[in-house]
Amino acid sequence: MTERPAQRNPNRQLAALIAEAGFSNAGLARRVDQLGLEHGLDLRYDKTSVTRWLRGQQPRGTTPALIAEVFTRRLGRRLSAQDLGLDACAPVYAGLEFAATPEEAVDIVGGLWRKDSGSHAELRKIAFTSAGLVVPSRDWLIGRADEKVARAEPPPRVPAQSRPVPRAVGPAELLARRRGTAERGPGQRVTGGDIAALRSVGELFRTLDDAYGGGHARQALVRYLEHECEPMLRGTYGEQTGRRLFAAAADLTRLAGWTSYDIAAHGLAQRYFVQALRLAQAAGDRPYGAYVLVTMSRQAVYLGHGREAVQLARVAQQGAGGSAPPAVQALLHAAEARGHGVLGEVRACTAALVRAERALESGRPGDEVPHWARSFDEAQLADEFGHCHRDLQQFRAAAQHAERSLQLRAPGYARSRLFCRMVLATARLGLGELDQACQLAAEAAGQAAEMRSVRALEYVRDFERKLEPYRDAAPVRTYRDRVAAHG
C-alpha cells in the first residue's frame with residue numbers, strides 16, 4: 001500500500017500510545033493486519049511499517065482508522081486517528097463511536113443522517129463488524145444518564161434602535177409563518193407538539209415497515225430525521241422536554257437502523273443502532289437502551305454471530321434491571337434464546353424461552369407497557385419459540401409454535417407473518433411433509449416478491465437451498481412454477 005513520504009517531525013503521539021499499550025512495533029502491525037482481515041483487507045504491515053509511522057509517515061486509506069481502533073480495544077477508551085497524530089481518511093469506524101456528551105452525539109448522528117440522505121451509495125455497502133459491538137455496549141452498561149441535556153435560549157434580541165430596517169416579506173413566507181411551517185433552524189424552541197409529531201411519524205413509518213418492508217420508505221425517514229429532527233435537537237429546550245426529545249430521536253434512529261438492516265445494509269444499520277443507544281442514554285431511558293441492544297442482538301443472530309447475540313441480550317438484561325415491565329423482560333429473554341438457538345445450545349435456549357414465557361405470563365391487565373414493547377405479545381413469543389426450535393432442528397415443536405403465532409398475529413404484521421410462514425414451511429420439510437412445505441413456501445415467496453425486504457427474500461432462498469435434495473420431486477417443480485409466475 002502506497003504511503004506518504006515521512007515528515008520531518010516524529011510522531012510522538014503514536015509513540016506515547018504504543019508505550020502505554022505495551023505494544024511492540026511488530027505486535028501493533030500484526031493487530032492492524034488482523035483487524036484489516038475482519039474488513040476483507042489484505043494489508044501485510046510489519047514492524048518496519050510502524051517504524052515509518054513513528055518517523056512521521058502517514059498511512060493512506062482506512063489504515064489510520066484501523067490503527068485507532070486497535071488502540072481503542074487495547075486501552076478501553078475511544079481514540080480517533082487524530083489522537084494518534086494520523087490523518088483521518090475515510091474512517092471505517094465512523095458512526096460506531098459512543099459519544100462522550102449529548103452535543104457530540106447530535107453531531108455524530110446528524111452527520112450520519114446527512115450522509116445517508118444523499119447519494120452516498122457506498123455508505124450502504126459498509127460491512128458489519130462484530131468488534132464494533134464491544135465498546136458501545138460496555139459504555140452504555142457502565143454509563144449514566146447525562147446530567148444535563150437542556151439547551152439555553154438564544155441571545156437576547158437586538159434593541160429596537162439597533163435593528164436593521166425590516167425587509168419585505170412575500171406572501172408565501174407570510175403564509176408559512178402563519179401556519180407555523182417556516183423552515184426550522186438552530187435556536188428554535190421545541191414544544192410538546194413537536195415531540196408528539198416525532199412520535200406520530202415513528203408510528204407511521206413503523207406501520208409501513210411492518211407491511212411493506214424496510215426499503216419502502218427508508219429514505220423518506222432518513223430525510224425526515226435530517227430536516228426535522230436534527231434542527232429540534234439543535235434547538236432550545238428545558239430538561240424534561242430535552243429528555244423526551246432525545247427519547248423520540250432514539251426511537252426514530254433505531255427505526256432507521258431497522259429498515260437499513262431489512263435491506264441488508266448491515267454496517268449502516270449497526271451505526272444507526274449504536275447512535276440510537278447513545279441517544280437513549282441522553283434520554284435517561286434505560287429500558288429503551290436495552291431494547292436497542294436487543295435489536296442489535298437480532299441483527300447478530302441473522303448474521304450468524306450467536307455468541308455476540310447472547311452477550312448483547314445479557315447486557316440488555318443487566319442494564320434494564322429487574323424493574324422493567326413483564327413484556328420487556330420477556331423480550332430480553334427471548335432475544336437471548338435466539339442467540340443460543342443459533343449456537344445449537346439446547347439447554348440454554350430452552351431455559352431462556354421458559355424465562356421469557358414466565359415473564360410474559362406475569363403481566364397483568366392495566367400494566368403500563370412502553371409503546372415499543374406492546375407488540376411483544378403471545379403471537380410474538382410463539383414466533384420466537386418457532387424460530388428457536390427450527391434452529392435446534394426440533395421440527396415438530398417449531399411447527400406447533402409457528403402455527404399458533406400465525407393464528408394470533410394481526411394481518412398488519414405482514415413481514416413477520418411471512419417469516420413465520422417460512423419457519424413453518426421449513427419445519428414441515430424437516431418432518432418430511434414436502435407437499436405442505438412447498439405450498440406454504442410458495443405463498444410466502446409470492447408475498448416476498450411484493451415487499452422491499454432483503455430479509456424476506458433471504459428466508460425464501462434459505463428454504464430453496466434446503467429443497468435441493470428434492471429438486472426432481474413433483475411438489476418442488478410445482479413450487480418453482482408458482483414462484484416463476486410471481487417473478
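Predicted model: local features only at pLDDT ≥ 70, side-chain atom pairs only at ≥ 80, totals over all residues.

First, the pair. Two packed helices are described by the angle between their axes and the distance between the axes. Here we look at α5, residues 102-117, and α9, residues 218-233. Their axes come within 9 Å and cross at roughly 145°. The crossing of α5 and α9 is left-handed. On the α5 side, the contact is made by Val 106, Gly 110, Trp 113, Arg 114, Asp 116 and Ser 117. From α9, the contributors include Arg 218, Val 222, Leu 225, Glu 226 and Leu 233. By class, the α5 and α9 contact has six nonpolar, three polar and six charged residues.

Next, α20, residues 454-467. It has 14 residues and spans 20 Å from first C-alpha to last, close to the 20 Å expected at 1.5 Å a residue. Which residues of α20 are buried? They are Arg 455, Ala 456, Tyr 459, Val 460, Phe 463 and Leu 467. What covers them includes α10, α12, α16, α18, α19 and α21.

Last, the glutamine. Gln 275 sits in helix α11, residues 266-283. Is Gln 275 buried or exposed? Its relative accessibility is 1%. The cut-off for buried is under 20%, so Gln 275 counts as buried. What is Gln 275 in contact with, leaving aside neighbours within four places in sequence? Gly 95, Leu 96, Glu 97, Ala 105, Ile 108, Val 109, Leu 112 and Thr 253.

Notes: Residues numbered from 1 in each chain as written. Heavy atoms only, no water. Axes fitted to C-alpha atoms, helices over the stretch in contact; angles between N-to-C directions. Helix = DSSP H or I, 4+ residues; strand = E, 2+ residues; numbered from the N terminus. Left-handed = near helix turned anticlockwise from the far one by under 90°. Contact = heavy atoms within 4.5 Å. Nonpolar A, V, L, I, M, F, W, Y, C, P; charged D, E, K, R; others polar. Expected span 1.5 Å × (residues − 1). Buried < 20%, exposed > 50% of the residue type's maximum accessible area, 1.4 Å probe, protein only.
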